[in-house]
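Work through the exercises below with the sequence and the coordinates open. Each task is followed by a solution in steps.

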Amino acid sequence: MIPLVDVKAQYAPLIPELKERFAEALESGRFIFGPEVDAFEREAAAYLGVPHAIGVANGTDALVLSLEAMGIGPGDEVICPSFTFYATAESIVRVGATPVFAEIDPLSLNLDPEDVTERITPRTKAIMPVHLFGRPAPLEPLQALGLPLIEDAAQAFGASGVATVGVCSTFSFFPTKNLFALGDGGLVTSTDDDVADTVRKLRFHGSLDKKHFELVGTNSRLDAIQAAALRVFLPRLAGWNAARRDAAARYGELGLGEAVELPADEPGHVYHMYVVRSPERDRIVAHLTEAGIASAAYYVVPTHLQPALSPLGWQPGSLPETERAAAENLALPMWGGITADVQERVVETVRAAAGVAA
């Protein structure tokens with residue numbers, strides 16, 4: 001069986017080093033905040049080129065805390081894509097604001113700045129672009145619209161330009177991500193000192209010192225064991241991302257593009273997932289499954305059509321490019337270190353399913 005993502009293949013060679021780091025954390029007895037978390041936050045900020053990096057419990061909390069720290073709440077609107085994981089819009093609803101969905105560009109699958117422009121109202125307080133599948137969203141055109149950006153970078157740690165434009169940027173360390181933990185974890189970065197200070201308070205019940213509680217916050221902390229693992233993985237990330245880019249190029253060289261539409265590339269793309277498109281997706285999935293090759297269709301019910309958000313009034317056909325992407329997209333096996341022979345099997349199976357001669 002060929003998996004969609006082989007996380008263990010990436011961390012298995014590092015198990016001895018991980019055990020050493022875990023042993024140090026055990027010896028310290030510091031499992032909440034402490035030196036491992038402090039060190040990872042410094043190292044992550046330096047890697048991303050940002051002044052502030054704040055560890056939190058998961059990527060969803062990172063979004064919610066960013067919105068709260070920027071003062072966004074009831075009566076406000078935040079523009080975001082619908083073709084993304086549910087947590088993007090969910091976080092906006094969680095703070096009492098309203099998600100306003102904008103259309104995506106059919107090639108990049110990221111927000112279309114022209115459509116975003118049409119959806120701005122006096123109530124719009126921020127734009128939340130998603131760097132989908134590891135491809136950077138068009139930050140400069142979105143920034144030119146004059147509204148604060150909150151970058152949902154859950155799938156794009158290490159992608160070029162990510163986290164440098166938004167007032168806040170958020171990351172997930174779910175185990176399938178490019179930079180992953182061995183459980184849940186998240187990060188908020190910020191280019192604004194005051195916003196960063198507020199996020200630090202909000203993640204710990206509104207306090208910095210456990211004595212004076214200045215805000216009503218929550219309990220959302222990155223623990224020391226996960227920080228220790230992330231510190232082992234972070235120095236390897238550039239190599240892993242380069243390997244993903246090499247694998248993406250290899251898919252094209254093997255002739256996959258004769259059977260399906262390949263993802264649009266650009267130098268900053270880090271291929272969290274390798275997502276192709278085809279109107280014959282279901283037939284291709286059936287062939288892959290029969291051959292023992294995992295695949296996945298993402299966001300098949302776009303966020304604007306999810307039952308929980310039906311009170312917002314969106315109807316089928318409201319976002320045609322989004323809905324077409326939902327019906328056609330298919331993620332194929334991808335991870336740092338995927339081998340050429342595995343990719344050859346994938347390509348052969350997809351080509352056969354599409355009726356392309358060998």
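A residue is called buried under 20% relative accessible area, exposed over 50%, and partly exposed in between. The model is predicted.

**Exercise 1. Positive phi**

Task: Classify His205 by its relative accessibility, and state where the residue is found.

Solution. 
- Step 1. The relative accessibility of His205 is 37%, so the residue counts as partly exposed.
- Step 2. His205 is found in the loop between H8 and H9.
- Step 3. The phi of His205 is near 60 degrees, a positive value in a residue other than glycine.
- Step 4. Phe33 also has a positive phi, of about 55 degrees, although it is not a glycine. Its place is in the loop between helix H2 (15-28) and H3.
- Step 5. With 21% relative accessibility, Phe33 counts as partly exposed, because the cut-off for buried is under 20%.

**Exercise 2. The surroundings of Ala326**

Task: Determine whether Ala326 is buried or exposed, and list what the residue touches.

Solution. 
- Step 1. Ala326 belongs to helix H12 (residues 320-328).
- Step 2. Its relative accessible area is 1%, so Ala326 is buried.
- Step 3. Leaving aside residues up to four places away in sequence, Ala326 touches Phe83, Arg281, Tyr298, Tyr299, Val300 and Pro302.
- Step 4. Thr84 is 242 residues from Ala326 in sequence, yet the C-alpha to C-alpha distance is 9.7 Å.

**Exercise 3. The sheet and a helix on it**

Task: Give the strand order of the open sheet and name its edge strands.

Solution. 
- Step 1. The open sheet has 4 strands, ordered E1-E7-E6-E5, with mixed pairing.
- Step 2. Strand E1 (52-56) and strand E5 (150-152) each pair on one side only, and these are the edge strands.
- Step 3. From one strand to the next the twist averages 20 degrees.
- Step 4. E1 and strand E7 (residues 186-190) run antiparallel and are joined by 5 bridges. Ala53 stands opposite Thr189 in E7.
- Step 5. Helix H4 (residues 59-69) packs on the sheet and touches E1, E5, strand E6 (168-172) and E7. The direction of H4 makes about 165 degrees with that of E6.

**Exercise 4. Aromatic pairs**

Task: Decide how the rings of Phe133 and Tyr299, and those of Phe233 and Trp240, are arranged.

Solution. 
- Step 1. A pair of aromatic rings is described by the distance of the centres and the angle of the planes.
- Step 2. The count of aromatic pairs comes to 16.
- Step 3. For Phe133 and Tyr299 the centres are 6.0 Å apart and the planes 10 degrees apart, and the pair is stacked.
- Step 4. Phe133 lies in the loop between strand E4 (124-127) and helix H7 (139-143), and Tyr299 in the loop between helix H11 (281-290) and H12, so the pair ties together parts that are 166 residues apart in sequence. Phe133 and Tyr299 are both buried.
- Step 5. For Phe233 and Trp240 the centres are 5.8 Å apart and the planes stand at 50 degrees, so this pair is tilted. Phe233 and Trp240 are both buried.
- Step 6. Ring pairs also link Phe40, Tyr47, Phe157, Phe171 and Phe173 into a cluster.

**Exercise 5. Salt bridges**

Solution. 
- Step 1. Side chains of opposite charge can pair when their charged atoms come close. The count of salt bridges comes to 16.
- Step 2. Lys201 is in helix H8 (residues 193-202) and Glu214 in the loop between H8 and H9, 13 residues apart. Lys201 has 12% relative accessibility and therefore counts as buried.
- Step 3. Arg324 is partly exposed, with a relative accessible area of 34%, whereas Glu328, at 12% relative accessibility, counts as buried.
- Step 4. Salt bridges that share partners join Arg277, Glu321, Arg324 and Glu328 into one network.

Definitions and conventions:
Residues are numbered from 1 along each chain as its sequence is written. This is a predicted model: local features need pLDDT of at least 70, side-chain atom pairs count only at pLDDT 80 or more; totals for chains, interfaces and linings use all residues. Side-chain values use heavy atoms; hydrogens and water are left out. Helices (H or I, at least four residues) and strands (E, at least two) are DSSP runs, numbered from the N terminus. Buried means under 20% relative accessible area, exposed over 50%, partly exposed in between (1.4 Å probe, protein chains only). Contact means heavy atoms within 4.5 Å. Two strands pair if DSSP finds at least two bridges between them. Axes are lines fitted to C-alpha atoms, for helices over the stretch in contact, and angles run from 0 to 180 degrees between N-to-C directions. Rings of Phe, Tyr and Trp (its six-membered ring) pair if their centres lie within 6.5 Å; planes under 30 degrees apart count as stacked, over 60 as edge-to-face and the rest as tilted. A salt bridge is a side-chain nitrogen of Lys or Arg within 4 Å of a carboxyl oxygen of Asp or Glu.
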